[in-house]
Amino acid sequence: MLCGISGETPQEPVASKKSGIVYEKRLIEQYINEHGTEPNTGDALTSDDLLPITSSRIVRPRPPALTSIPALLSTFQQEWDNLALETYNLKEQLARTREELATALYQHDAAVRVIARLTRERDEARDSLSKVTVTDGAVGGDAMMVDSAEGLPEELAARVDEVHASLSKSRKKRPVPAGWVTSDEISAFEAAATTALPAQQTTSLDSLEDYAAVGGLAGDAVIYSVEADKAERQLTVNEPITSTLWTGSKVLFGTSKGSVKIFENGAEVGALSEHSGATTSLSSHPSGELIASVGADKSIILYDLASMKRVSRAYADAALTSCAFHPDGHLLAAGTASGDIKLYMTKTMEQAAVFSLGAPIQALDFSENGFWLAASAKGQSSVTIFDLRKEGDAATAKVLETGGAVQSVSWDYTGQFLATAGPTGLTVQQYTKSSKKWSEPLRTSNAAVAVRWGVSGKKLLAVNGDGVISVFGNKE
């Protein structure tokens, strides 16, 4: 007979009445005192459940003192018994820990699979939602529809053709206007005025003649007079402003809530809400009759400014970050968060070409020569010039290094000068047609989130994220 705990022959054997297993009495009693269960079965066990096993009685001599070898052997025996009991407990705990670990790993694997499935379903739901909009005649927002590309109505399509024919015909013969800024004058630009405007967390800027409109995430917009160097009017948009556009007598603001709010003479005269996500960029058609807006919901919307209604819509395959009309009005460029620049035919909203920068598009602007498109991407310290007359890799006409991230680009009216703005400062890049070379007549360290040209290019307007607008020019 061997003890069920120590595996040794018991000196005082007892048997469990419940399982019949033999144990050394002192070991099993110690185990019962600590755990109250039987080691091998885990059932509740008390000392009354132990049955002594009798055999021929052996008379043991009295324990000798520890100074003798038999006493030392007895001590070693006790130590061995304790060690055997502790080893058994450790084995039992190890077995339970392994079972708990296996259960935890299984639950973790199941949780990961559930999270992956839910994430996939969420992304699919978002993709579907981005293509769902409320129809014009919906009652209470219940009627929903998924639209493909919508072309312009015949009357507006004819107007787009008319403007395209008129502007493209005269573009090549158009001379540089008298009194336009020169390279030497730009090289002498300095901060002629710096004014803090009441527009917090400034995001956008647009200008018209001697005035500029500035908007910020706090929902406030400011009309700034360049000549008087002061804020002439403050507009309350009540929604975080993400983009600003000045066309004719109207100032438009795109908001993070998907709206396009229209102001005229300081008062709100209309609001358009076609995007299901943030409105990220606005652009005006050369005719002044159409407005384009793009949003995080992947949609491109064209509005008739006279009726203040949507007249066309299309969807891209990624969230849209910026847009710009071609100076002839027959093309609309839209930058995506996936790094592509998609060109659409204004009349039909069909995709005509795609360029790529490999990172979310930050800013777009067409040159007035009608051939070039300047684009910057998030995190890149360069501006890429695309030639619309070419395709593929050949379309990249020039990559201009600016030394820092570029958040805004702006061509002047003549197409000679390209202004860039970013956290590291402003630059002006010049293309000389006679030598077909690029130069940099101006570089400043003034950080800015947006930049625009003033009248005749004599001034350069820039605003930073704190609402401070700077006017660069010749002080005289």
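**Figure 1. Division of the chain into two domains.** In this predicted model, the chain is divided into domain 1, residues 1-59, and domain 2, residues 154-473. The C-alpha centres of domain 1 and domain 2 lie 90 Å apart.

**Figure 2. Aromatic pair formed by Tyr31 and Tyr88.** The structure holds ten aromatic pairs. One of them joins Tyr31 and Tyr88, with 6.1 Å from centre to centre and 75° between the planes, an edge-to-face arrangement. Tyr31 belongs to helix H1 (residues 25-35) and Tyr88 to helix H2 (residues 69-130). The two residues are 57 residues apart, and the pair thus links distant parts of the chain. Tyr31 and Tyr88 are both buried.

**Figure 3. Aromatic pair formed by Phe253 and Phe263.** The ring centres of Phe253 and Phe263 are 5.7 Å apart. Their planes meet at 75°, and because planes over 60 degrees apart count as edge-to-face, the pair is placed in that class. Phe253 lies in strand E12 (residues 250-255), whereas Phe263 lies in strand E13 (residues 259-264).

Figure 4. Ser273 is part of strand E14 (residues 267-273). Is Ser273 buried or exposed? Ser273 is exposed, because its relative accessible area of 54% exceeds the 50% cut-off.

Figure 5. Most residues other than glycine have a negative phi. Asn238, however, has a positive phi near 70°. Asn238 is placed in the loop between strand E10 (230-236) and strand E11 (241-247). With a relative accessible area of 61%, Asn238 is exposed. Lys298 likewise has a positive phi, near 75°. Lys298 is found in the loop between strand E16 (290-295) and strand E17 (299-304). Its relative accessible area is 15%, so Lys298 is buried.

**Figure 6. Aromatic cluster and a charge over a ring.** Four residues, Trp372, Trp411, Tyr431 and Trp438, form one aromatic cluster. In a separate contact, the charged end of Arg389 sits over the ring of Phe371, at 4.1 Å from the ring centre.

**Figure 7. Second largest pocket and its lining.** The second largest pocket holds about 660 Å³ of space. Its lining consists of 19 residues. Asn369, Thr414, Gly415, Tyr431 and Lys433 are the lining residues that lie nearest the centre of the pocket. Tyr431 is also a member of the aromatic cluster with Trp372, Trp411 and Trp438. Which classes of residue make up the lining? The lining of the second largest pocket has seven nonpolar, five polar and seven charged residues.

How values were computed: Residues are numbered from 1 along each chain as its sequence is written. This is a predicted model: local features need pLDDT of at least 70, side-chain atom pairs count only at pLDDT 80 or more; totals for chains, interfaces and linings use all residues. Side-chain values use heavy atoms; hydrogens and water are left out. Domain bounds come from an automatic or database domain assignment. On a 1 Å grid over the protein atoms alone, a cavity is a set of points where a 1.4 Å probe fits but cannot get out, and a pocket is an open set with protein on both sides within 12 Å along at least five of seven lines; lining residues have an atom within 4 Å of a point. Grid points are joined across faces, edges and corners, and a volume is the space filled by probe spheres set on the points. Ala, Val, Leu, Ile, Met, Phe, Trp, Tyr, Cys and Pro count as nonpolar, Asp, Glu, Lys and Arg as charged, and the others, Gly among them, as polar. Rings of Phe, Tyr and Trp (its six-membered ring) pair if their centres lie within 6.5 Å; planes under 30 degrees apart count as stacked, over 60 as edge-to-face and the rest as tilted. Helices (H or I, at least four residues) and strands (E, at least two) are DSSP runs, numbered from the N terminus. Buried means under 20% relative accessible area, exposed over 50%, partly exposed in between (1.4 Å probe, protein chains only). A charge sits over a ring if NZ of Lys or CZ of Arg is within 6 Å of the ring centre and within 35 degrees of the ring normal.
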